[in-house]
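Please read them with the sequence and the coordinates open beside you.

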Amino acid sequence: GKMANPANPRLQTLALLADCSYEATFEEGARVAFGPTAASFELESPAGRARQLTGCCVRAHAPWVREALAYRNQLADVPALHWHLLGEEQQRTFALLVAGYGLVHWPANYTGCPSGHVRVGADGSVSVVVLDFGTTLLLAPTRAHFAVRYHAPVLMAEQLGVAPPWAEQRGAHVPWAQLFAVARTPERWQHALALALGAAERADAAAAGDTPPPVCIGTESPSC
């Protein structure tokens, strides 16, 4: 039979499984499961069952897959952003970057770090900014969680003919934000987090009158 296609499916639960796969359930009775990389999905609903590559998701399945993927991408280390599954607002905020973009340069340490790239706010939060292009890590005042903002690459479903023509020579990226626990830091954010935690410790020591912080650690309120 024809599968129901609610315009605004309502997410009920999202579970991270032991193998880093994700499973989402909806109030409408549907279930969407992704593998660890979200390269494919399995959809079950009262109307039937489907298994497909995420990059080839057809319109009838898109409402559930789009909603589940959006929540999954907030939690996963590496988001799986498919152009045809992004919302209109996200598609409007894309940036064209040269092919191969993705390598960012964090300050190596506090020695010679340019002023302003590590900042401690009055509330105890700390921000670390890359040396080249728009990636920021913000450590919460509790130092239990941190957020990152960066331009994440978008996957194009060229085999379906939905890749915009400009995507052939350049890569599309969209501004992306994620929140992680310090206790479960993905490897690619560990260096920047170490800088933030170190700056927080130095700021605490300076506030206690022990030692002044390095000159590169600013005290203005950070923005992320």
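1. Strand S2 and strand S3 (residues 31–34) pair in the antiparallel sense over four bridges, where two strands count as paired if DSSP finds at least two bridges between them. Strands here are DSSP runs of E with at least two residues, helices are runs of H or I with at least four residues, and both are numbered from the N terminus. Threonine 25 has arginine 31 as its bridge partner in S3. The two strands form a hairpin with four residues between them, and glycine 29 in the turn has a positive phi of about 95 degrees.

2. The model is predicted, so that local features need pLDDT of at least 70 and side-chain atom pairs count only at pLDDT 80 or more, while totals for chains, interfaces and linings use all residues. Residues are numbered from 1 along each chain as its sequence is written, and side-chain values use heavy atoms, with hydrogens and water left out.

3. Strand S2 (residues 22–26) is largely enclosed by the rest of the structure, because four of its five residues are buried; buried means under 20% relative accessible area, exposed means over 50%, and partly exposed lies in between (1.4 Å probe, protein chains only).

4. In the chain as a whole there are three helices and twelve strands, and 42% of the 224 residues count as buried. Among contacts (heavy atoms within 4.5 Å) between residues at least 6 apart in sequence, 55% join residues at least 24 apart.

5. The largest nonpolar core has 29 residues, and those with the most contacts inside it are Trp106, Val126, Leu137, Phe146, Val148 and Trp189. Such a core is a set of buried Ala, Val, Leu, Ile, Met, Phe, Trp, Tyr and Cys residues joined through side-chain atoms within 4.5 Å. Among the elements that give two or more residues to this core are strand S8 (126–129), strand S10 (145–153) and helix H3 (190–207), and the largest share, seven residues, comes from H3. Apart from this core lies another, of 16 residues, among them Phe26, Ala30, Phe41 and Val65.

6. Glutamine 178, in strand S11, deserves a separate look. Glutamine 178 counts as buried, because its relative accessibility is 2%. Its side chain makes a polar contact with the side chain of tyrosine 150 (2.5 Å) and reaches the backbone oxygen of asparagine 73 at 3.1 Å. A polar contact is a pair of N or O atoms within 3.5 Å; within protein, one must be able to donate a hydrogen and the other to accept it, and residues adjacent in sequence count only if both atoms are side-chain atoms.

7. Cysteine 57 counts as buried, at 6% relative accessibility, whereas cysteine 20 is partly exposed, with a relative accessible area of 46%.
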